[in-house]
Amino acid sequence: MGDQPYMTVTWTDPVTGRNGYLVIDRLVRGISGGGTRVRRGVTLEEVARLAHTMTLKNGSLNVPSGGAKAGLDCDLSEPGGRALLVRFIRAMRPLLETRWATAEDLGVTQEELDSVFKEVGLGLSVYAGLKVTGDFDSAMRRVMDGLAVKSDGIGLADLIGGFGVAEAAAAAMGTLRLPLDGSRAVVQGFGSMGGGTARYLARKGVRVVGVVDVEGCVVDPQGLDVEALLAARSASGELDRSKLPGGARLLPREDWLEVEAELLVPAALADVLTEANADQVPARVVVEAANIPTTEAADRLLHERGVVVIPDFVANSAANGWWWMVMLGLIEPTEQAAYEYAARTIHDTVERLLRLSAERRITPRQAAVEIAIENTAALVEAYGGEEVKTPAEAPA
């Protein structure tokens with residue numbers, strides 16, 4: 001893959017002067033995919049990093065799509081915020097119809113994004129992905145069937161990401177011959193990804209001893225009642241301190257690396273593990289549920305210390321992979337098919353990257369990048385780059 005992205009777009013809102021950005025890092029069979037981030041202060045550099053990560057994410061799981069990302073300098077809660085998002089999506093419409101499928105990201109929910117797309121006249125945010133299948137209506141039915149699936153009263157789309165992170169943790173621990181059952185985990189961030197990860201880790205016998213939200217750390221060395229925490233969680237991932245389970249104690253948020261655990265799951269912001277705090281990480285394995293939570297310098301330092309970091313574009317890839325595989329008709333839109341796909345592909349990828357890391361004496365991230373590049377090259381050979389081919393047209 002080349003160093004330069006396929007396309008970079010900077011848009012300036014004629015009403016507010018705010019900027020929006022779209023980076024299409026790579027096309028596979030004429031299409032790319034990546035979320036729309038909505039936050040004040042978002043930068044083109046940030047969007048470009050995330051777009052490249054999406055290419056790696058798709059490549060790591062053999063998803064036949066390139067990577068992209070958008071960012072809008074906006075807070076939807078501020079006056080005029082939603083109108084600004086509408087203008088941005090309307091301006092990006094030619095690419096959303098042909099080259100770029102998007103979804104929720106930091107600062108915007110899928111529900112809000114879909115309401116904007118309906119207002120603009122595109123229906124769903126994955127319009128371009130539906131179109132490229134060659135049978136828009138059938139692809140739409142598959143996506144809607146998948147979105148309708150619920151497990152424990154929660155939509156599968158909100159669960160599969162955390163399930164995949166837990167599977168990545170299990171695969172890493174198993175490959176390293178470390179016991180998973182009875183091990184301890186700290187989850188930093190308790191939104192849909194962090195909360196889902198905690199739920200599925202607990203179901204695997206992991207003691208979740210620490211959970212971090214914007215207010216601080218909730219800690220219990222004996223293991224927190226994850227289901228009770230989920231019941232006390234707001235839509236934005238904040239815990240109601242008045243409803244915490246017995247035995248839980250509170251620590252300042254900045255003390256989250258002081259909680260002893262074998263597994264650390266950063267599931268919130270970017271760049272939370274840095275050169276300044278890498279030596280404080282107590283875990284044996286870091287599983288990146290958030291996007292780019294570890295800086296390059298920290299990744300190298302952790303590797304030198306013997307801490308294994310499973311990179312974001314592998315660990316948190318299940319939801320993205322599931323969306324594409326259902327949309328393209330490569331798996332059925334059922335709960336069983338989703339979990340089987342996520343478990344199989346993530347286990348295979350984690351085991352492969354850890355073997356390559358050990359053989360080549362490179363970091364797991366470097367190994368995962370090599371695997372993703374190799375897979376993407378094979379996808380381009382099979383499906384084409386800019387030209388559009390449906391899965392049925394690709395060579396076996």
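Which residues does T349 touch, not counting residues up to four places away in sequence? T349 touches S60, L61 and V314, where contact means heavy atoms within 4.5 Å. This is a predicted model, in which local features need pLDDT of at least 70 and side-chain atom pairs count only at pLDDT 80 or more, while totals for chains, interfaces and linings use all residues. Residues are numbered from 1 along each chain as its sequence is written, and side-chain values use heavy atoms, with hydrogens and water left out.

**T349 and its helix**

- T349 sits in helix α13, residues 335-360. Helices (H or I, at least four residues) and strands (E, at least two) are DSSP runs, numbered from the N terminus.
- T349 counts as buried because its relative accessibility is 9%. Buried means under 20% relative accessible area, exposed over 50%, and partly exposed in between, with a 1.4 Å probe and protein chains only.

**Helices α1 and α14**

- The axes of α1 (residues 44-60) and α14 (residues 364-383) come within 8 Å and cross at roughly 75 degrees. Axes are lines fitted to C-alpha atoms, for helices over the stretch in contact, and angles run from 0 to 180 degrees between N-to-C directions.
- On the α1 side the contact is made by T55, L56, G59 and S60, and on the α14 side by V369, A372, N375 and T376.
- Sorted by class, this contact has three nonpolar, five polar and no charged residues. Ala, Val, Leu, Ile, Met, Phe, Trp, Tyr, Cys and Pro count as nonpolar, Asp, Glu, Lys and Arg as charged, and the others, Gly among them, as polar.

**The second largest pocket**

- The second largest pocket holds about 420 Å³ of space. On a 1 Å grid over the protein atoms alone, a pocket is an open set of points with protein on both sides within 12 Å along at least five of seven lines, whereas a cavity is a set of points where a 1.4 Å probe fits but cannot get out; lining residues have an atom within 4 Å of a point. Grid points are joined across faces, edges and corners, and a volume is the space filled by probe spheres set on the points.
- Of the 14 residues that line this pocket, L56, I292, E296, R365 and V369 are the closest to its centre.
- Two or more lining residues come from each of α1, α10 (296-305) and α14, and α1 gives the most, with four residues.
- The lining has three nonpolar, six polar and five charged residues.

**The largest cavity**

- The count comes to one cavity of 30 Å³ or more, and the largest cavity has about 30 Å³ of space.
- V143, L147, W322, W323 and V326 line the largest cavity. The lining has five nonpolar, no polar and no charged residues.
- At least two lining residues each come from α6 (136-148) and α12 (318-327), and the largest share, three residues, belongs to α12.

**W324 in α12**

- Helix α12 also holds W324, which is buried, with a relative accessible area of 3%.
- Leaving out residues up to four places away in sequence, W324 touches R29, I31, S32, G33, N58, V63, S65, A101 and G129.
- W324 and V285 are 39 residues apart in sequence and 29 Å apart in space, C-alpha to C-alpha.

**Loop residues**

- Most residues other than glycine have a negative phi. I292 has a positive value, near 40 degrees, and R177 has a positive value, near 60 degrees.
- I292 lies in the loop between β14 (285-287) and α10, and is buried at 8% relative accessibility.
- R177 lies in the loop between α7 (156-175) and β9 (184-188), and is exposed, with a relative accessible area of 77%.
- G35 belongs to the loop between β3 (32-33) and β4 (36-38), and counts as buried at 7% relative accessibility.
- Beyond its neighbours within four places in sequence, G35 is in contact with A68, K69, A70, T102, A103, E104 and D105.
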